[in-house]
Amino acid sequence: MGGSRNAVLGRPRGFDVDEALERAMRVFWERGYEGASLSDLTDAMGITKTSMYAAFGNKEQLFRKALARYTEGPASYASRALEEPTARGVAEALLQGAVRTTTLPERPSGCLGVQGALAASEGGRAAHDVLVGWRNDAGHRLQERFRRAVDEGDLPRDTDPVRLARYLATVGFGIAVQAASGLGREELQDIADTALRGWPHA
């Protein structure tokens, strides 16, 4: 029964879906959405276009799945940072995570969420919009965490959570841009340390 259902759905066989998605994520991370051709993706994944469509959908759907994998994997430091007990701890974990993740050995430099679709034609508009939403969602969660820190007295009462979150996100994404431009981990850590020197104290 299960076998006939798989055949009807056209489920691909003979390759590791998880590994194929990992490889697609790396291609998008390195080349961006528009820079990654279908041939680049299928060659890296080791599958045919037919198998790719059957397993993941079209290129945009594959990109969404790859971004989700990136969020839950290399970029998971961002969610973990929000669980730090203090606002400064959140900031430190976020920036240190950005430094570490954008300079991982044998991984593309920079951040998939920043590089994925910075410059997009009409054909890449959907991916661009997905990434704008991805970055905005991260910013909103950071704002809520800092709003809580103000309420708890962990940040000064006159701290603007929105402004502080935007500042930190800008530094974090800026680290990713600098990493993609060739800056090493030590230089990037210096940027993170500099940003934290002016951190507001309760």
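**Close-up views of rings and domain contacts**

**View 1. Ring pairs link Phe28, Tyr33 and Phe63 into a cluster.** Welcome to a predicted model, which holds six aromatic pairs. One of them joins Phe28 and Phe63 in an edge-to-face arrangement, with 5.0 Å from centre to centre and 85 degrees between the planes. Phe28 belongs to helix 2 (residues 17-35) and Phe63 to helix 5 (residues 59-72), so this pair ties together parts that are 35 residues apart in sequence. Is Phe28 buried or exposed? With a relative accessibility of 0%, Phe28 counts as buried. Phe63 is buried as well, its relative accessible area being 0%.

**View 2. Tyr70 and Trp134 form a tilted aromatic pair.** Which helices does the pair bring together? Tyr70 lies in helix 5 and Trp134 in helix 9 (residues 125-151), so the pair ties together parts that are 64 residues apart in sequence. Both Tyr70 and Trp134 are buried.

**View 3. The charged end of Lys59 sits over the ring of Tyr33.** If you look for the charge in this view, you will find it 4.5 Å from the centre of the Tyr33 ring. Tyr33 is also a member of the ring cluster with Phe28 and Phe63.

**View 4. Domain 1 (17-57) and domain 2 (74-198) divide the protein.** Taken over C-alpha atoms, the centres of domain 1 and domain 2 are separated by 26 Å. How many residues does each domain bring to the contact? Domain 1 gives nine residues and domain 2 gives 18 residues. The size of an interface is often given as the accessible area lost when the parts come together. For domain 1 and domain 2, the area buried between them is about 1,000 Å², with 59% of it on carbon and sulfur atoms.

**View 5. A salt bridge joins Arg107 and Glu22.** The closest N and O atoms of Arg107 and Glu22 are 3.5 Å apart. How many salt bridges are found across the interface of domain 1 and domain 2? The rule finds one salt bridge there.

Technical notes. Residues numbered from 1 in each chain as written. Predicted model: local features only at pLDDT ≥ 70, side-chain atom pairs only at ≥ 80, totals over all residues. Heavy atoms only, no water. Phe/Tyr/Trp six-rings, centres within 6.5 Å; stacked < 30°, edge-to-face > 60°. Helix = DSSP H or I, 4+ residues; strand = E, 2+ residues; numbered from the N terminus. Buried < 20%, exposed > 50% of the residue type's maximum accessible area, 1.4 Å probe, protein only. Lys NZ or Arg CZ within 6 Å of the ring centre and 35° of its normal. Domains from an automatic or database assignment. Contact = heavy atoms within 4.5 Å. Buried area = accessible area lost by both parts, 1.4 Å probe. Salt bridge = Lys/Arg side-chain N within 4 Å of Asp/Glu carboxyl O.
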